[in-house]
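Thanks for coming. I will go through one model this morning, chain by chain, and then stop.

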Amino acid sequence: MRRRTQAVRVAAVAASLLLVATGCTMSNDSAANAPAGTTTLKFWNYYTGTQLTWLQAQTKKFEKANPKIKVDLVQVVGSQQDQKLLASVATGNGPDVLINNIVVDNPTLVAGGVMKDMTSMWNSYQDKAQYPSTAAWKTNGKVYNLMSYTNLIGLYYNKDILKASGIDSPPTTLTEFQDDMAKVTAGGTYKALAESGAPTVEGAWLFAPQLLGLGVNYCNFSGKKVTTAFDRVAGWSKKGYIPLSTATWDQNTAWQQFMTGKYAFGLNGNWQLGNVKSAKFAYGTTEFPKPTDGTSTVYPGGEGIAIGAKSKHPAEAWKYIQSVFLSKDAAETSFAQTGSIPLRKDASDTQAIKTNTYVQPFLTAAQKTGTWPNNPKTADMQTSLGKAISSVISGQQSASAGAQSAIDTIKKAKASGGGTCK
Amino acid sequence: MSVIAKEKPRAFDSTAGPGPRRSHRLVRKIPLGYLVPAVVILLAFAAYPIFVLVRMAFSDVGPSNIVGVWNWVGFANFGTVFGLPEFWRGLARTAGLAAALLAVNLIVGFLVASVLSTTGRITNVVLGIMVFVWALPPIVSGSVWKFLLDDSGAVNTILHSVGLHPVSWLSSPGLALWTVAAVVAWAGIPFSALILRGGLLAITPEVIEAAAIDGAGYWRTQFAVVLPLLRPTMWILGILTVLYAFKSFDFFYVLTQGGPGTATNTLPVLSYYTAFSNFDMSTGATIAVISMLAVALFAIPYVRSIRQEPEE
């Protein structure tokens with residue numbers, strides 16, 4: 001009873017806080033009029049572009065093979081997925097299946113009781129051995145999130161612009177990268193780099209590799225290396241290597257800019273490998289340039305897949321997840337259409353992946369990724385870094401002030417989350 | 001309502017015949033019954049959420065206990081919020097936004113209303129377009145403005161074509177707030193103009209004619225006769241504009257997400273991102289409650305003005 005009363009309370013407060021977010025909508029794709037005797041699964045996702053096309057095709061295939069199960073693909077605005085999921089726990093009308101930005105919101109959603117404990121399902125999964133242990137995200141020994149693929153940051157480059165600027169090969173170090181950007185900018189015809197510097201987790205995700213390769217992460221975020229990295233990015237902005245609007249660009253906007261053919265470089269993820277095929281210029285990919293005396297290291301990303309805690313059809317949801325996300329066919333088609341790197345061993349070893357030159361830098365990066373902080377306030381830590389880097393790019397703060405504010409706010413968030421990190 | 005109260009008793013007395021006392025009770029109950037749906041909706045969708053929001057501001061709430069026990073922490077969250085430099089900056093930005101909206105909506109709104117105070121086909125067409133602009137969802141018009149105001153967008157392309165330097169409308173920390181304020185004002189001008197036009201049309205032509213007979217020119221008539229007569233309308237419009245500034249969120253969400261850095265973090269934006277990006281629900285709710293108090297402060301003179309209107 002008490003829980004129900006609180007649920008109503010939460011729904012009410014969510015409604016009042018969300019009144020401001022007038023633009024948030026959900027739309028259903030299919031299965032609106034399922035015949036009697038059919039189970040309908042609600043799947044909240046925020047896929048767009050080739051990822052959405054892939055998901056729709058996979059779902060159709062699943063529905064055909066399982067005529068008694070229909071799947072509603074409910075489109076949610078990506079940045080609003082977490083708050084909607086948290087509110088859904090209170091109202092009891094959450095999804096059966098969901099995807100989430102696992103590296104940012106896993107601790108929050110677990111704490112909020114959004115996701116079902118999938119431990120027994122995962123342990124009895126016949127192809128479990130095909131996956132690395134990192135595919136199952138555990139809290140207190142229980143599996144709440146599964147990953148079927150990983151996404152990482154790499155450097156896309158426009159071969160035509162590099163050739164026109166007298167650059168023979170793509171950069172491998174940050175020093176070379178800066179020299180190349182200087183050459184492109186000096187030419188006056190093209191712009192150097194399109195990347196996200198938004199005051200959100202996206203800005204942080206793009207900036208972090210400059211420090212990760214030097215051993216600096218959210219758990220030990222301080223010192224001269226941090227200031228140097230902020231100085232470097234401030235210099236990029238001042239010298240015109242990146243436009244001022246980088247400070248507000250999310251990754252999608254940055255990608256659209258790279259695809260215009262006006263930018264020599266684009267820092268973005270392997271999920272754009274499907275979209276880059278439509279580029280009207282010659283392109284290539286390489287690893288994130290490594291810092292001096294460091295290595296090229298990026299954070300692993302990607303979507304987590306989970307079953308909603310309030311789902312009335314967990315068995316059907318698990319069947320759907322196995323077929324659409326965890327199967328070999330799913331991994332191979334996902335890679336072919338979207339460029340997502342499969343975690344499944346028998347899929348990542350295929351010839352199609354091994355011979356794809358564009359994906360190789362991302363595969364290499366996947367072997368030596370950084371470790372995310374295991375702290376309930378990880379979203380806060382990442383947002384703090386995003387705000388700091390955005391403010392430095394825009395000139396709102398100096399590099400040293402931005403670095404210091406990032407150090408202070410990350411430290412505060414870490415302490416507020418209980419101080420745990422690893 | 002009073003008409004119903006006077007007429008209904010006769011009907012009940014003559015047909016149902018339940019006796020004068022019972023019919024009198026029914027009469028008293030029926031008008032109140034009409035209010036029930038409105039009261040229920042108000043309680044469910046306004047009063048109760050606000051009550052829970054206030055309770056959240058006085059409790060320690062995060063993702064782990066949002067469905068669970070909320071520990072009462074008194075005014076601790078308010079102390080935290082008042083200690084945040086970003087809160088005070090957000091308050092200053094919100095005040096700046098309110099000032100900008102007041103200036104634009106009252107001045108431009110008055111000019112537009114003056115131009116449209118005549119009747120005719122062109123006026124009707126322009127009014128129709130304005131209502132369309134006003135009714136556009138901010139997510140739609142905001143996205144269009146984001147495209148237009150991008151560093152390489154249409155506005156800068158035009159500036160470049162006439163030999164001017166491009167302007168970082170949304171990415172310059174010194175300019176972004178005012179750019180968004182201009183877009184918010186643009187969306188609000190139709191409302192202001194329609195309200196002020198209504199006020200202008202209510203001024204009797206005899207008053208204007210009398211001013212002309214006394215030798216007042218166009219501008220003197222506007223400043224010495226029309227504006228004073230419009231003062232009550234402008235006062236109410238001004239209060240509504242300030243309220244609008246304190247709840248304005250959607251255009252900020254679409255155009256800048258509070259950035260670059262924190263340059264466009266007004267109080268509603270700060271509240272939203274604190275609650276839903278950092279998942280610090282209590283602090284987000286506290287900022288929302290403080291914003292609400294500020295709004296209530298301005299709502300009091302508004303309500304008083306409305307109540308005084310019939311007397312005037």
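How far apart do the end C-alpha atoms of residues 91-299 of chain B lie, and what percentage of the span is helix and what percentage strand? The ends are 18 Å apart, with 77% of the span in helix and 0% in strand. Helices here are DSSP runs of H or I with at least four residues, strands are runs of E with at least two, and both are numbered from the N terminus.

Before going on, the conventions. This is a predicted model, in which local features need pLDDT of at least 70, side-chain atom pairs count only at pLDDT 80 or more, and totals for chains, interfaces and linings use all residues. Residues are numbered from 1 along each chain as its sequence is written, and chains are lettered from A and ligands numbered from 1 in the order in which they are written.

Back to that span. UniProt, in an unreviewed entry, lists residues 91-299 of chain B as "domain: ABC transmembrane type-1"; positions are in the numbering used here, feature names are shortened, and such annotations may be inferred rather than shown by experiment. Chain B as a whole has 13 helices and two strands. Of its 312 residues, 36% count as buried, meaning 20 or more other C-beta atoms within 10 Å of a residue's own, with C-beta atoms placed from the backbone.

Chain B is divided into domain 1, 2-57, and domain 2, 77-311, with bounds from an automatic or database domain assignment. Four residues of domain 1 of chain B contact seven of domain 2 of chain B, a contact being two C-beta atoms, placed from the backbone, within 7 Å. On the domain 1 side, the residues are four nonpolar, no polar and no charged. For those classes, Ala, Val, Leu, Ile, Met, Phe, Trp, Tyr, Cys and Pro are nonpolar, Asp, Glu, Lys and Arg are charged, and the others, Gly among them, are polar.

One residue of chain B as an example: Ile239(B), in helix H10 (residues 218-247). Why is Ile239(B) classed as buried? Because 20 other C-beta atoms lie within 10 Å. Leaving aside neighbours within four places in sequence, Ile239(B) contacts Phe298(B), Pro301(B) and Tyr302(B). Ala212(B) is 27 residues from Ile239(B) in sequence and 32 Å away, C-alpha to C-alpha.

Now the interface. Chains A and B each put 41 residues into the contact. On the chain A side, H1(A) gives the largest share, 10 residues. By class, that side has 19 nonpolar, 18 polar and four charged residues.

In chain A, helix H11 (residues 251-259) has buried residues including Trp255(A) and Phe258(A). Their cover includes strands S8 (153-158), S9 (191-194) and S10 (263-269) and helix H8 (201-207) of chain A. Just after H11(A), Gly261(A) has a positive phi of about 85 degrees. Leaving aside neighbours within four places in sequence, Phe265(A) contacts Leu155(A), Tyr156(A), Tyr157(A), Ala192(A) and Leu193(A).

Last, confidence. The mean pLDDT of chain A is 90, and 91% of its residues reach 70 or more; pLDDT is the predictor's confidence in each residue, from 0 to 100. Over residues 1-5 of chain A the pLDDT is below 50, and beyond near neighbours in sequence this stretch has one contact in the model. Residues 10-30 of chain A are also below 50, with 48 such contacts.

How values were computed: A residue is buried if 20 or more other C-beta atoms lie within 10 Å of its own, exposed if 12 or fewer, and partly exposed in between; C-beta atoms are placed from the backbone.
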